[in-house]
Amino acid sequence: MTVIDTKPPTLREAQTPPDGMYEGPRTLRRLPEGWQERPYERFELAPLGRTIGAEVRGVDLSRPVEPALREELNHALLEWKVLFFRGAHLTSVQQRDFARNWGELETNPLLAAGSTEDVVRFDKGSGSTPTFENIWHADVTFRERPALGAVLQLREVPPVGGDTMWADMGAAYDNLPQEVKDRIDGATAVHDFIPGFARFYGPERLAPFQDAFPPVEHPVVRTHPETGRRLLFVNASFTTRITGMERGESDRLLSYLCRQAHVPEYQVRFHWQPGDVAFWDNRATQHYAVNDYAPHRRVAERVAIEGDRPY
């Protein structure tokens with residue numbers, strides 16, 4: 001007589017490290033709850049990613065932006081987080097005028113200026129120090145009022161490489177395990193300019209700015225002031241610790257949270273051509289300039305828009 005073994009099969013003990021990034025479906029929600037989609041009447045919009053990134057066609061950025069166009073562009077920015085305009089070829093003045101439709105412009109004394117102090121110029125070529133690239137970050141979160149957004153134009157593009165990537169930090173928050181959301185709900189983190197800049201500048205360059213830029217605390221999860229969406233708001237350049245946590249615990253949790261920007265499903269990647277412009281919502285995204293173009297030259301100019309205090 002054959003005896004049939006009815007016991008369920010067992011697996012050997014095996015475990016990957018905790019706090020990892022695992023396979024499986026991800027929630028890819030482009031819009032916040034209650035958001036009303038509507039057609040765009042003043043331009044064509046071509047999505048480049050599932051939740052983030054769209055190309056705007058049919059807008060001449062060199063001309064003044066009328067209120068109705070500004071309202072539609074802002075709606076598109078809130079929906080897609082980063083907007084791309086091919087072949088704009090703006091002067092620095094035109095680039096600044098476009099950005100001013102969203103608020104006062106921000107200056108940054110730690111970066112090289114272009115034609116004026118509110119235009120930052122990134123001129124990278126053979127032999128130059130590879131600064132401020134290849135790390136996921138949001139701009140100037142070490143300020144009490146981090147930038148609302150930025151308008152970046154590529155003046156000179158290398159023949160290969162030099163792309164920029166953006167990550168949707170609303171999608172990053174949505175996909176956190178519930179136990180992690182519970183841990184960071186109401187938590188704050190310290191942001192400081194020194195870690196991000198000390199990789200490239202010595203103490204003699206940075207010390208004079210310590211009083212102007214003291215460490216600040218921001219929510220680990222901020223609320224978007226226009227959409228109400230919850231957004232993960234820590235980054236590897238400027239966030240140093242989570243307030244009130246033991247150092248080791250804070251380091252482990254911050255490392256896990258910062259890795260969320262690395263998930264391809266939350267990203268869009270843009271391949272530049274000369275004169276292209278990108279306009280992104282710094283409150284809702286992180287970005288990464290890909291440093292893969294040496295020994296060729298890459299020249300970009302950026303104008304940043306003052307933001308509000310995160311809550």
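## Basis of the model

The model is predicted, so that local features need pLDDT of at least 70 and side-chain atom pairs count only at pLDDT 80 or more, whereas totals for chains, interfaces and linings use all residues. Residues are numbered from 1 along each chain as its sequence is written, and side-chain values use heavy atoms, with hydrogens and water left out.

## Overall form

The chain comprises seven helices and 16 strands; these elements are DSSP runs numbered from the N terminus, with helices (H or I) of at least four residues and strands (E) of at least two. Along the principal axes, the C-alpha atoms fill a box of roughly 90 × 50 × 40 Å.

For 311 residues, a compact globule would have a radius of gyration near 19 Å, and the 22 Å of the chain agrees with this. That radius is taken over C-alpha atoms, and the globule rule is 2.2 Å times the number of residues to the power 0.38. Of the 311 residues, 51% count as buried (under 20% relative accessible area, with exposed over 50% and partly exposed in between, for a 1.4 Å probe and protein chains only).

## Pockets

Pockets and cavities are found on a 1 Å grid over the protein atoms alone: a cavity is a set of points where a 1.4 Å probe fits but cannot get out, a pocket is an open set with protein on both sides within 12 Å along at least five of seven lines, and lining residues have an atom within 4 Å of a point. Grid points are joined across faces, edges and corners, and a volume is the space filled by probe spheres set on the points. The largest pocket has a volume of about 440 Å³. Its lining consists of 28 residues, of which Phe-122, Phe-132, His-137, Asp-139 and Arg-302 are the closest to the centre. Strand S5 (120-124), helix H5 (193-198), strand S15 (285-289) and strand S16 (298-305) each contribute at least two lining residues, and the largest share, three residues, comes from S16. By class, this lining has 14 nonpolar, eight polar and six charged residues; Ala, Val, Leu, Ile, Met, Phe, Trp, Tyr, Cys and Pro count as nonpolar, Asp, Glu, Lys and Arg as charged, and the others, Gly among them, as polar.

The second largest pocket has a volume of about 250 Å³. Gly-20, Tyr-22, Asn-175, Pro-177 and Tyr-256 are the closest to its centre among the 16 residues that line it. Eight of the lining residues are nonpolar, four polar and four charged.

## Cavities

The structure holds three cavities of 30 Å³ or more. The largest cavity, with a volume of about 60 Å³, has a lining that includes Arg-30, Lys-81, His-224, Arg-229 and Asp-281. This lining divides into four nonpolar, two polar and four charged residues.

The second largest cavity has a volume of about 50 Å³. Among its lining residues are Ala-138, Thr-141, Met-169, Phe-233, Asn-282 and Gln-286. The classes here are six nonpolar, five polar and one charged. Ala-284 belongs to the lining of the largest cavity and also to that of the second largest cavity.

## A three-strand sheet

Three strands form an open sheet in the order S13-S7-S15, with antiparallel pairing (two strands pair if DSSP finds at least two bridges between them). Strand S13 (267-270) and S15 stand at the edges with a single partner strand each, so one side of each is left without a neighbour in the sheet. From one strand to the next the twist averages 20°, where axes are lines fitted to C-alpha atoms, for helices over the stretch in contact, and angles run from 0 to 180 degrees between N-to-C directions.

Strand S7 (residues 164-168) is joined to S13 by four bridges, and the two run antiparallel. Thr-164 stands opposite Phe-270 in S13.

## Local backbone features

Lys-81 has a positive phi of about 70° although it is not a glycine. Lys-81 lies in the loop between helix H1 (67-80) and strand S3 (82-85), and at 4% relative accessibility it counts as buried. Val-140, another residue other than glycine, has a positive phi near 45°. Val-140 is found in the loop between S5 and strand S6 (149-156) and is buried, with a relative accessible area of 5%.

A cis peptide bond joins Ala-294 and Pro-295, with omega about 5°. Pro-295 is found in the loop between S15 and S16.
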